[in-house]
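Reader: I'm new to this one. Could you walk me through it, question by question?

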Amino acid sequence: DAGGQIRAEQPRSTWTFEPRIRSYAFPDESQLDSTDYFLNVGGERRNTRSTFGILGEYWDQDIVQNQLPGANIANPDLGQSSGPDSGRILGDNRQKLLRGRPYAQFQLNERINLGIEGRVEDVNFDRDILNQQVSYQTVGGALQLDRRFTPASRFGLRVDVQSTEPDVGVGKADLVGLQ
């Protein structure tokens, strides 16, 4: 497992670049060997009354599915196994994830702030396994307005929206939330 970070700091901006690689090797079972790749990037620009930024992630990793018993919620004997467990590996899958989050914050006056955020996510599996590992795309965002009453107290309102669409299985799911 190895990683690093390159960071550029200036009085009004910050940029980061963080690559990481993780590798597993099994000398007697080379078919189980895997190498995973990760990358996080981010940038932010700060002005007197506003901030603009973006965060991004990329993952390319192995996902292993084991033959393990599921939780038996109806079982009154908690801690007791609900069946035999062979510990066999049924199969592995490769996941690629791409995620982005642009955002902006504005100070409208001395007491009122406005925040805007977007979210995009694309997850792909080499093999879609229904009800377990299914490729999907998500698009969403949030709007937040808050007011500071004293230096130590504030009140805010946040609206979240999101739409997720899997490639197979159940159709699109929409979310609206209020905080």
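Reader: Is Glu-121 buried or exposed?
Author: This is a predicted model, where local features need pLDDT of at least 70, side-chain atom pairs count only at pLDDT 80 or more, and totals for chains, interfaces and linings use all residues. Residues are numbered from 1 along each chain as its sequence is written, and side-chain values use heavy atoms, with hydrogens and water left out. Buried means under 20% relative accessible area, exposed over 50%, and partly exposed in between (1.4 Å probe, protein chains only). Glu-121 has 15% relative accessibility, so Glu-121 counts as buried.

Reader: Which residue forms a salt bridge with Glu-121?
Author: A salt bridge is a side-chain nitrogen of Lys or Arg within 4 Å of a carboxyl oxygen of Asp or Glu. Here the closest N and O atoms are 2.6 Å apart, and the partner of Glu-121 is Arg-99. The pair links distant parts of the chain, 22 residues apart, with Glu-121 in strand 7 (residues 112-125) and Arg-99 in strand 6. Strands (E, at least two) are DSSP runs, as are helices (H or I, at least four residues), and both are numbered from the N terminus.

Reader: What about Arg-22 and Asp-36: which strands do they lie in?
Author: Their side chains meet in a salt bridge (3.0 Å, N to O). Asp-36 is buried at 2% relative accessibility, and Arg-22 is buried too, at 18%. The pair ties together parts 14 residues apart in sequence, because Arg-22 lies in strand 3 (residues 13-24) and Asp-36 in strand 4 (residues 34-46).

Reader: Which residues are linked in a network of salt bridges?
Author: The structure holds 15 salt bridges. Some of them join up into a network. Its members are Arg-22, Asp-36, Asp-60, Asp-62 and Arg-94.

Reader: And which strand gives the largest share of the nonpolar patch?
Author: Patches are made of residues with over 30% relative accessible area and no salt bridge, with nonpolar side chains (Val, Leu, Ile, Met, Phe, Trp, Tyr) joined within 5 Å and like charges within 9 Å. Val-161 is one of the patch residues, and Val-161 is partly exposed at 40%. The largest share, three residues, comes from strand 9.

Terms used: Accessible areas come from the Shrake-Rupley method with a 1.4 Å probe; for residues, only the protein chains shown count as cover.
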